[in-house]
Amino acid sequence: MAPYQSLLNMRTLAPFGVSSLYVIQTLCSVSTLPLGTFVTNCHERNFWLSIKSSFLGQRVRFDIEDGSGIHFLSRQRAAECGYTILFDHHGNLVLRASYLACYVDNKADSEFRLQVWFVSRQAGGSVRAYPLHLHCILPLPWSHRDIICEENYMEVSVKPQIPAPHNHSRKWIDAPPMSSEEKKRLKQEGWVIFYRPGDVQQQRWTVREVLSLGYVIGITDFHVLLRCPYFSPQSHRFMDKEVLVEAVSAVLLLQRQELPTVVDVSVACTINNALVDREHLVWSSPLVLHPLVHGVFQHSSVRLGVGSEALSGCSVRDRGYQVTANNGVLQARIPFGADGTLARAVELDGRLFKVISLDLFLMREWRDDLWPLTQQRTFRLLHSPYLPHTPEVINADSAPWLEGRCRESGVQVLLHYGSRERPWELYVGGRRLDWELVELGGFELELEEDYLSVELPLFAPGMTYENITLQSLVAKVEGSVVELDTVQVQHSLTQRCSFPVRDLLVCLPEGRMVVVVDTSRTLPPTTPNSTTLMDPSCGPSQTDSTRALFNFSLNSCGTTQAMEGDYLVYENQVVYTPDLQPTKEPIIHRHSPYRLTIQCRFPANHTDLASFWHPVNSSLSLPLSLKEGHRSKRRLPPRSFRKGLRPTRSLYGWKD
């Protein structure tokens with residue numbers, strides 16, 4: 001029986017060093033792998049798995065299986081254990097795992113197996129799990145010291161050395177494989193000494209204490225390794241040649257054949273992003289990483305790659321890539337538009353920018369007095385800063401063009417494809433149209449042969465409101481279609497529509513709440529101009545015979561703020577309390593107490609979104625909670641992503 005069926009509603013405790021329990025509570029169906037969706041590679045020191053963006057569900061995760069059970073990869077655990085999960089610049093989901101990562105079946109440091117479960121939650125709530133068995137033979141021999149600089153962790157693996165016999169040509173030789181007893185003794189009796197430049201006293205820790213700090217000390221047949229996330233407790237950062245470097249300087253003390261052995265497990269990585277020099281992406285690193293070099297430094301070679309593809313020297317030259325070493329700085333220069341780069345458009349505050357990206361792999365090797373050969377492999381998804389772009393508006397006869405229409409319940413944007421067969425992206429309200437925005441805003445999509453229809457309900461993100469009165473409101477939607485290859489605006493649109501108002505609650509991104517309430521539903525009815533907010537000095541800005549309009553800041557008028565899960569909730573009340581003076585005689589009051597709770601709920605990571613609520617029927621003393629986003633009336637088939645719609649997904653932290 002497959003693990004996801006046999007472990008239903010059971011708990012599997014992870015092995016020593018794993019801090020989390022894995023609980024499966026939602027029925028998962030184990031599915032076969034669709035052809036062409038999953039791409040695997042055996043990189044030089046990593047498993048490499050890529051999953052096409054069009055296949056991803058609403059929420060995705062990776063779980064790892066070994067002989068002790070199935071292990072959930074949280075963000076922290078992935079970094080500690082040697083796993084990197086990210087979206088590449090094409091929107092595909094990528095998993096990279098070190099050959100020396102946790103849960104890998106390692107045969108003599110030369111053959112590696114990894115059992116991965118890709119788990120995807122679909123729009124309807126169903127969960128599918130796909131088993132993937134990764135098997136790699138070491139493509140290139142190990143060096144004496146191998147360093148991996150990943151996006152989320154640093155790893156160093158070394159071959160322990162022992163003194164050579166007197167008649168040997170070298171002073172040090174590789175130590176023989178470690179016995180099981182030596183590995184056990186290291187965990188029980190080993191020590192790690194951390195040191196930093198300028199420290200008077202060195203810090204000495206047991207291996208068990210180091211594991212509790214989030215470091216991993218690993219022992220294989222032929223290697224000793226140290227791995228840690230960035231910003232680990234004993235790391236230090238410094239500027240070298242105007243480049244930021246993070247380092248952990250440490251030695252491991254252990255017993256080999258009854259002799260004390262010292263193993264240098266220091267690791268250092270360049271962590272800066274790319275800069276722009278004219279029409280080039282430039283990534284820099286100090287030529288000499290001083291925490292890793294002992295004695296005379298001899299630079300050997302550099303190799304480049306893009307994604308999982310290693311490039312030959314001829315390919316590097318043909319693409320126009322350049323690698324230079326001048327004034328103590330190693331630089332990789334990538335021309336804009338070169339094969340392997342990607343340009344995309346970004347709209348911010350009504351202005352259009354372009355961003356150039358490249359999935360860089362760089363391997364460098366050197367020699368020094370202590371290490372006969374060190375190889376350092378760096379993986380960086382490089383992004384340029386936002387580059388101002390003045391678009392050229394192209395004749396819309398053959399290019400895509402936009403049309404706007406007013407509907408009873410919202411605003412419709414029609415994208416007519418035109419005859420130009422080039423990839424594009426659609427922006428609505430300053431945001432790129434993707435599945436996250438569609439689901440968040442409850443957009444309704446229709447795909448026809450010659451146009452795409454996007455209908456935005458009144459409460460959707462992307463709407464702005466120009467004039468809200470007791471009689472009507474004016475909603476505005478701005479849209480643009482951008483060609484990806486040239487980062488040029490093909491066409492833009494501003495559509496305004498007027499809608500009648502009865503009851504209304506609008507939560508505006510600038511931190512204001514606008515509410516229209518009908519007070520005629522009490523018995524007897526309440527006079528609108530007698531109502532206030534929780535602060536009695538905050539009265540309505542407009543009233544008629546049955547309704548009151550309040551327009552106020554979220555940090556005023558007695559508004560309270562609280563966190564509920566992933567939402568910021570602002571709450572106030574529209575109230576009317578009759579002034580009841582004590583008298584000796586009974587009095588008949590013609591006004592009833594009135595109290596209506598109003599709320600604005602903003603996703604904590606999207607506080608810039610406007611929210612809108614338009615009730616059909618309101619009642620007293622009930623909160624006006626925001627409506628949940630509707631599902632799309634018609635989902636786009638996978639081929640629509642050719643036009644530029646790229647899904648965005650959540651990673652880590654989803655654990656059913």
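Select strand β48, residues 547-553: six of its seven residues are buried, where buried denotes under 20% relative accessible area, exposed over 50% and partly exposed in between, with a 1.4 Å probe and protein chains only. Strands here are DSSP runs of E with at least two residues, helices are runs of H or I with at least four residues, and both are numbered from the N terminus.

This is a predicted model, in which local features need pLDDT of at least 70 and side-chain atom pairs count only at pLDDT 80 or more, whereas totals for chains, interfaces and linings use all residues. Residues are numbered from 1 along each chain as its sequence is written, and side-chain values use heavy atoms, with hydrogens and water left out.

Which residue of β48 is the bridge partner of V515? It is F550.

Then select strand β47, residues 542-543. Two bridges join β47 to β48, and the two strands run antiparallel. Within this pairing, T543 stands opposite A548 of β48. Three residues lie between β47 and β48, which form a hairpin.

Finally, display the whole chain. Its secondary structure comprises six helices and 52 strands, and 53% of its 656 residues are buried. Of the contacts (heavy atoms within 4.5 Å) between residues at least 6 apart in sequence, 64% join residues at least 24 apart.

Notes. Pairing = 2+ DSSP bridges.
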